[in-house]
Amino acid sequence: MRKAFVITLCILSLAGLILLGLYGTRFALYLATRIMILSIFAMGYNILFGKTGLLSFGHGAFYAVGAYGMALFSLHINPHPLACIVAGLCLAFIFSLIIGFFCVRHTEIYFAMLTLAFGMMVFSLIWNLRDITGGDDGLVGISRAPIELGLFSIPIAKANQFYFLVVFFFVLSIAVIYVINNSPFGLVLSGIRENDRRIEFAGLPLRKFRLAAFVISGVFAGLAGSLSALLESNTDPFSAHWSHSAEPILVSLIGGIQTFTGPLIGSVIFVWLREIIERFTQNWMLWFGLILLLIIMGFRGGVVGVLSRIHRIILGSDTQSQRIA
Amino acid sequence: MLTSVVHVCLAGLSTGMFIWLVASGLTLIFGVLGVLNFAHGSFYMLGAYFCYTLLRVMGNNFWLGLLLGPLCVCVVGYLIERYFLRYVYHLALPYQLLLTFAFVLIFDDLVKIVWGPGSIGSPSVAGLAGSVPILGRNFPVYNIFIMVVGPLVALGMWAMLERTWWGRIIRASSSDREMASAIGVKVPALFTAVFVFGTWLGAVGGGLAAPYVGLLTPGMGESIIIDAFVVVVIGGLGSLKGAFLGALIIGLLSSFGTRYIPTFDMFLTFILMAAVLLWKPEGFFGEAK
């Protein structure tokens, strides 16, 4: 029954996304696109953070590398969107492989500080190599050329056309991350979070698994970055800054760290809340800080955690027995 | 050539001393409480703003402002430790970091609300304004003052930690919390005291920095905190001696970098940080754990 419920929910959400794409206003589409891009970033990040238990302050760098790789390919080589996105992904893959290789030598605070250092190195390069990256202006004028697929081409220039491209990548990302999470590989990652010693004693190469999680999350960050470059048609050097790396952490925390849907729900709340708060006041950071404070002091399971707690109270011991079974 | 090298050195040393003032509190708090405090940059910022306001109220007396401003920030630090931080010591690292990060967001906006979003020009200090010629080129007097204050703070902290009863208790609780509590040290109260003292150091750093930087901006804490992180990491998390040396190294590195290879100035700092973390994660003076 539970499975049927989940499948129904998935189909309904997908139908909702398609309906929004067909009938939504420009502004609603823009917000939804941003939410989906942030979700891809946060869900990928959560493979490393929630699943493997490593806190990175450097994933903004991979987001930026994806965006700049995509933009550079588009401006200098070929504006075909898919080719550009693949270029962004490849660059993010290479960067996260090299940086991850060094970073996974440590855990806990040393890992966090290492990722911060490498992330800020990438930021300083983007900031200072003006000739290539445009410095503090970023790269501008990235066009949304139609996707040529041999026999026919799909235009993505309009907001609603581009929206469907993002929906495609969004659904694809969710599917891939779902498969990763529920694979034996994902189980090993959870094992590393819970007790890395035991994983090592079981004869598994700890560092390689950590590196794999690092690279996967880096590539998803790159995907989010390249999609955002297409959405905004420019790149922002501050997307590589450490404070941007804090965004997926906050999003995961709002939604619920150790849940699959947490980062997704967190992204919706994050973007939406920001929109609402900014309508009333300039000081959205103040309110956001207060919300964050509240979550850390009282609701560490995030929204999903609170919901499942309510769910459990309503159903009583019923879910408990289901869990054991 | 010599003149220019000497001046770059002097600039580096004063930058280093000025980062040290902020990093000292950060590394003290980490060494004793085990929390890496993002909000330390906010204490620095609040220190600068409070000193500025009190200075204005007290008829432009810089020293009175510097005395009272940081005390106000100490109250803020006390409230944060007593009512928030205390409840997350037992939690995983991300929660501790994010709690202090939440305060960064809150204080950044509060400062914007109270003092306005623009930057404020900081007044120069009477008696320390102007500059003196060194090797035929002018050097600000205030920078010399900072270069004297920095080592004095270091000396004071060393004397307190190594030579007083308080220092012994702080060292005991930081190396073995349970044992210290078993011999009758009130560890939670001590933690509060150390956090408040660290806050005071950060705020004093901010108060002293205002005339040096010349501008008060709402985001000023965020840029200094990363420099302080780098310094604290290079010196070894929790080591005061290391932080002092780390600050000198980073100060000199950035000053020479800005002068000779401006493109890779920031890059150098972070590559040094990463290199230390990879090859000597305990830092120059940290204890291997």
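**Reading a predicted two-chain model**

Author: Gly246(B) is buried, with 30 other C-beta atoms within 10 Å.

Reader: Which residues is Gly246(B) in contact with, once its neighbours within four places in sequence are left aside?

Author: With those neighbours set aside, the contacts of Gly246(B) are Val231(B), Val232(B), Ile234(B), Gly235(B) and Phe284(B). Phe284(B) is 38 residues away from Gly246(B) along the chain, yet their C-alpha atoms are separated by 8.3 Å.

Reader: What confidence accompanies such a reading of chain B?

Author: The mean pLDDT of chain B is 83, and 98% of its residues reach 70 or more. For the model, the scores are ipTM 0.83 and pTM 0.85.

Reader: How should a helix be read, and what span should α1 of chain B have?

Author: An α-helix has 3.6 residues a turn, so residues three or four places apart point the same way. Span is a further check: at 1.5 Å a residue, the 32 residues of α1 of chain B (residues 2–33) should span 46 Å, and the end C-alpha atoms are 45 Å apart, which agrees.

Reader: Where is the kink in α1(B) centred?

Author: The kink in α1(B), of about 35 degrees, is centred on Val22(B). After α1(B) comes Gly34(B), with a positive phi near 75 degrees.

Reader: Is α1(B) enclosed by the rest of the structure or open?

Author: Because 23 of its 32 residues are buried, α1(B) is largely enclosed by the rest of the structure.

Reader: Which residues other than glycine in chain A have a positive phi?

Author: Two cases may be cited. Glu108(A) has a positive phi near 50 degrees and lies in helix α5 of chain A. Ser233(A), also not a glycine, has a positive phi of about 60 degrees, and its place is the loop between α10 (206–232) and α11 of chain A. Glu108(A) is partly exposed, with 13 other C-beta atoms within 10 Å; Ser233(A) is partly exposed with 14.

Reader: What radius of gyration would a compact globule of 325 residues have?

Author: It would be near 20 Å, and chain A has 20 Å, which agrees. Chain A has 15 helices and two strands, and 44% of its residues count as buried. Among its contacts with a separation of 6 or more, 76% join residues 24 or more positions apart.

Conventions. Residues are numbered from 1 along each chain as its sequence is written. Chains are lettered from A and ligands numbered from 1 in the order in which they are written. This is a predicted model: local features need pLDDT of at least 70, side-chain atom pairs count only at pLDDT 80 or more; totals for chains, interfaces and linings use all residues. pLDDT is the predictor's confidence in each residue, from 0 to 100. Helices (H or I, at least four residues) and strands (E, at least two) are DSSP runs, numbered from the N terminus. The expected span of a helix is 1.5 Å times one less than its number of residues. The bend at a residue is the angle between axes fitted to the seven residues ending there and the seven starting there. A residue is buried if 20 or more other C-beta atoms lie within 10 Å of its own, exposed if 12 or fewer, and partly exposed in between; C-beta atoms are placed from the backbone. The radius of gyration is taken over C-alpha atoms; the globule rule is 2.2 Å times the number of residues to the power 0.38. Two residues are in contact if their C-beta atoms, placed from the backbone, lie within 7 Å.
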